[in-house]
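Hi,

Here is the structure I promised to send over. Please open it alongside this note, and my findings follow just below.

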Amino acid sequence: MKSLRPSRFSRVSAILFVFLQSLGTLFSQSPDAIAGTTFDMQITYGTGPYASSGRFLLIMRGQDYVSYNISGVSDTGGTYFYQRSGYDTGQIQYQDFSGGVFSFSATNNGTFSMWPHSSPGYQYGYFQALTGIAPPSIAQKIIRVESNGGTLNFGGAGTYRIVTTSTTTYVVQNGAGTVVHSGTYTYDKTNRSSGVFRFQDTTYAGGFVVLSFESGSKGVSLVRKTGSQLVQTGGFVLSELRAPVVSSQPASRSVAVGAATTFSATVTGTGPISYQWYKDNIVIGGATGSSYTVSAVQLWDAGSYYLVASNIAGSVTSAAAILTPVCSYSLSRDSLFVDFRGGNRFITIFASGTCAWTASTSNNWITITSPTAGQGNSSLSFTVEANETDTPRTGSLHVAGKTLMIAQGARFALPDIAGQTFRLDFSNVVEDDGMLIVGSGTNRQMQFVSFNTNAGVETIDYDYTVLSSSNALIESSSGNLLLNFNTARKGSFILTNLLEPGNSESGTFTMRPSAADFNEDGRGDLVMQGSSGAFAAWHMQNTNFQSVQFLRGGIPPNGGGRGFGAGDFNRDGHSDILIQDASGRVMVWFMQGTNRIGGVVLRDGVAASGWRAFSVADVNNDGHPDILFQNNTDRRISAWLFNGTTFLGGLPIRSGQPAAVGWRAAGAADLNGDAQTDILLQHSSGKIAAWFLNAGQFVSVEFLRDGVAPAKWKVMGLADLNEDGSTDILWQNDSNQVAAWLFNDTTFVQAMFLRDGKAAGPGWKVVAPR
């Protein structure tokens, strides 16, 4: 065979492979052919003209080969001849000019030695057969290279990426994701495990990247510039280039003005991914994350928000999310009481941000005096006209969907004082302090009860005249009492003694409805009912228990029945007992003191089936007691209005809106000192609250005592126990003890036991007054 003088790489590559065992998963024995195999060759020793170290990739094709030198030596190629020489040996000769004997171990690797025919010396090393599968195309792929160094700086030191953005174009990104150069490329799969990526760009003019796959998507890479010995080697990982996809879209939302909100989207795809948010197709400066926050939403933030996400493979636009700012409004109060004199008032409007509002009134006696439209927080002024009538009235202001209820009282001086009690506190003569109790009957009589003497009860005939809206005169044969009202319940007086001309006294008064009095001592009593149905009166003097006495001699109602209140229904000046039977019918026991003198079934026996009667009170301010009911199922509250025993009609309280779940109507009386009947409710937790009314019209609701609830106590009645003109609350527990919470209007004063905590008899409960 003709001898040629080969180059260094020719001498390296002109070798004889002797396979000692099968090549692992590639060969079960020495192969019959090696076409399509890539060998990673590592030189470890050399003598003579041979290098003692180096590395090259030997890529075998059908009848030719290519050798890419990783150590910087020139690449070569040509034809080869391979022959299996034994069970685990094989021989190869390059271009018919050199050869050698090589010994190899098993499992895809082995050792080799080689020499040329005409030169002294030899070379020794080891190899590994690569088992990966090179893809037929690398379009839309990422080649992540971990550089081992070299003389060529293709993508930067360390890690960089070659990204094929199409079948012909590519970019190179450094470790930070910055594109450092780009160009066009072609790709050839040279054999089963290797492919060559040939590039052309302005930075490197041209070159190639050898990709030899060891297994899966990993392999060995070699980058060389065309016409140069400059080389860069390393390992690589091949992965798919995935364009961005929005997997979770931003959601539309309605947000209160002033509140914060965040739009977010989830985007998948090859990183790095850049983000940009838009509002109504305009770029939002600085909004370059996967989420965007509006820290304090304003009206001008309304619009369509979307995200554009981009990577080297392209971009995607998210669905649009609509932001709807929602204005929130509130008023400094939701109800207002104005006495008959009216006057100028104002409320504060709280409007989020620059939210616009308009104001209006539903009543011609309420006039808005400031602008009726505005933006943001503001003050609204209005005037309430004087009410020179005997009828309270209720009106409203409306601002941005919110309502201010305005309750205006009637003139202070009542047209009739029948059924009222005046507490008189003299300025100079304390021992004269007492109560003037005006009878509820038609006989124009009143009683004076002194607090400080044992004079007993003095009965006086009287005449009553209204002098003005705030002044009235009570005349009797012994003196005249001039009343000057400061409020609907309180004021000052001047008492002129007609028996002693020139002698007059003055002081203050408090007016309230007269209490139920069954021993006619001028002091309010409590009505109890036993489990047998019998009634009894606890005679009281202020908060002090005096005695107990059966009513009607202890005889219960025929057919049974439950007492629920007391009031003078036949206008004879005596308190009567109200009873509801099991069918819902309501009857009155007409009383004179503790004696029953008759009775009547109200409304000719019409039953309030499914309704529980819970109180007797003058709901509509006509001077006659009415009856209040609560529905057993839906908790609505309604009133039966009466003139004596004559039914006038029904009045749904709060327009039929039921009490909330768990709330029981417990009584009715003036709870805030405006001379109007209000409703007390108790929750199953024990808390109590008031529905404030104005002539039966609902105005507002308020917790009493800030929601403090006594454990295991139930509200049983309402009465002015300490005779100060304010309604107090009666409680009874499971042990039958009776206690009182004393109030000054809605302000809690103190709690106290009645009868020093001595319980009522077994089965006896407070049923009046309520």
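Let me start with the link between C327 and C355, which is left-handed, with -90 degrees about the S-S bond. The two sulfur atoms of this disulfide sit 2.1 Å apart, where a disulfide is a pair of cysteine sulfur atoms within 2.5 Å. The count by that rule is 1 disulfide. C327 lies in the loop between β26 (321-326) and β27 (329-331), and C355 in the loop between β29 (343-351) and β30 (356-361), so the pair ties together parts that are 28 residues apart in sequence. Strands here are DSSP runs of E, at least two residues long, numbered from the N terminus.

Before going on, some ground rules: this is a predicted model, in which local features need pLDDT of at least 70 and side-chain atom pairs count only at pLDDT 80 or more, while totals for chains, interfaces and linings use all residues. Residues are numbered from 1 along each chain as its sequence is written, and side-chain values use heavy atoms, with hydrogens and water left out.

Back to the cysteines: C327 is partly exposed at 27% relative accessibility, whereas C355 is buried at 0%. (Buried means under 20% relative accessible area, exposed over 50%, and partly exposed in between, with a 1.4 Å probe and protein chains only.)

β27 and β29 also meet in a sheet. This open sheet of 4 strands has the order β27-β29-β33-β31, with antiparallel pairing; two strands pair if DSSP finds at least two bridges between them. Its edge strands are β27 and β31 (366-368), each pairing on one side only. Between β27 and β29 there are 3 bridges, and S330 has F350 in β29 as its bridge partner.

Further along, β42 (residues 479-485) has 5 of its 7 residues buried, so the strand is largely enclosed by the rest of the structure. β42 pairs antiparallel with β41 (residues 471-475) over 5 bridges, and the two form a hairpin with 3 residues between them.

The lining of the largest cavity has 13 residues, and A515, G524, D525, D720 and L721 lie nearest its centre.

Best wishes

Key
1 Å grid on protein atoms, 1.4 Å probe; cavity = no way out; pocket = protein on both sides within 12 Å on 5 of 7 lines; lining within 4 Å.
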